[in-house]
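I opened this notebook to keep track of what I looked up, one entry at a time. The entries follow the order in which I checked things.

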Amino acid sequence: MNGKTLIVTLVAGLVLYRFRYRVLNEILKREAVQKRVIQWGMSIPFIRHRLVPTLFLQKYK
């Protein structure tokens, strides 16, 4: 890696880090991406076992 490539990579990384939530929101606005992320997350047993019970939890008064 030469000097210019290293500097450009570092600057791009800093910009992405600074605006990471904005970038993530723009990506997740797309319904197809949301579905893929949910499918991927639900395929991981730890996430599924932690999330599913809280989705259907009902509190009765």
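Predicted model: local features only at pLDDT ≥ 70, side-chain atom pairs only at ≥ 80, totals over all residues.

Entry 1, Leu 14. I looked up Leu 14 and found that it lies in helix H1, where helices (H or I, at least four residues) are DSSP runs numbered from the N terminus. I noted that Leu 14 counts as exposed because its relative accessibility is 59%; exposed means over 50% relative accessible area, buried under 20% and partly exposed in between, with a 1.4 Å probe and protein chains only. I also checked a distance along the chain: Leu 14 and Val 52 are 38 residues apart, and their C-alpha atoms are separated by 36 Å.

Residues are numbered from 1 along each chain as its sequence is written, and side-chain values use heavy atoms, with hydrogens and water left out.

Which residues form a nonpolar patch on the surface? I listed Ile 7, Val 11, Val 15, Leu 16, Phe 19, Val 23 and Ile 27, which together have about 580 Å² of accessible area. Such patches are made of residues with over 30% relative accessible area and no salt bridge, nonpolar side chains (Val, Leu, Ile, Met, Phe, Trp, Tyr) being joined within 5 Å and like charges within 9 Å. The areas come from the Shrake-Rupley method with a 1.4 Å probe, and for residues only the protein chains shown count as cover. Helix H1 (3-18) and helix H2 (20-28) each supply at least two residues of the patch, and H1 gives the most, with four.

I found Ile 7 in helix H1, and its relative accessible area of 54% makes it exposed. Val 11 lies in helix H1 as well, but at 46% relative accessibility Val 11 counts as partly exposed. From Val 11 to Val 33 I noted 27 Å in space, C-alpha to C-alpha, for 22 residues in sequence.

How many salt bridges does the structure hold? I counted two, a salt bridge being a side-chain nitrogen of Lys or Arg within 4 Å of a carboxyl oxygen of Asp or Glu. One joins the side chains of Lys 29 and Glu 26 at 3.1 Å, N to O; Lys 29 is exposed at 56% relative accessibility, whereas Glu 26 is partly exposed at 40%. The side chains of Glu 31 and Lys 35 also meet in a salt bridge, at 3.7 Å, N to O. Both of these residues are exposed, and they lie in helix H3, four residues apart, about one turn of the helix.
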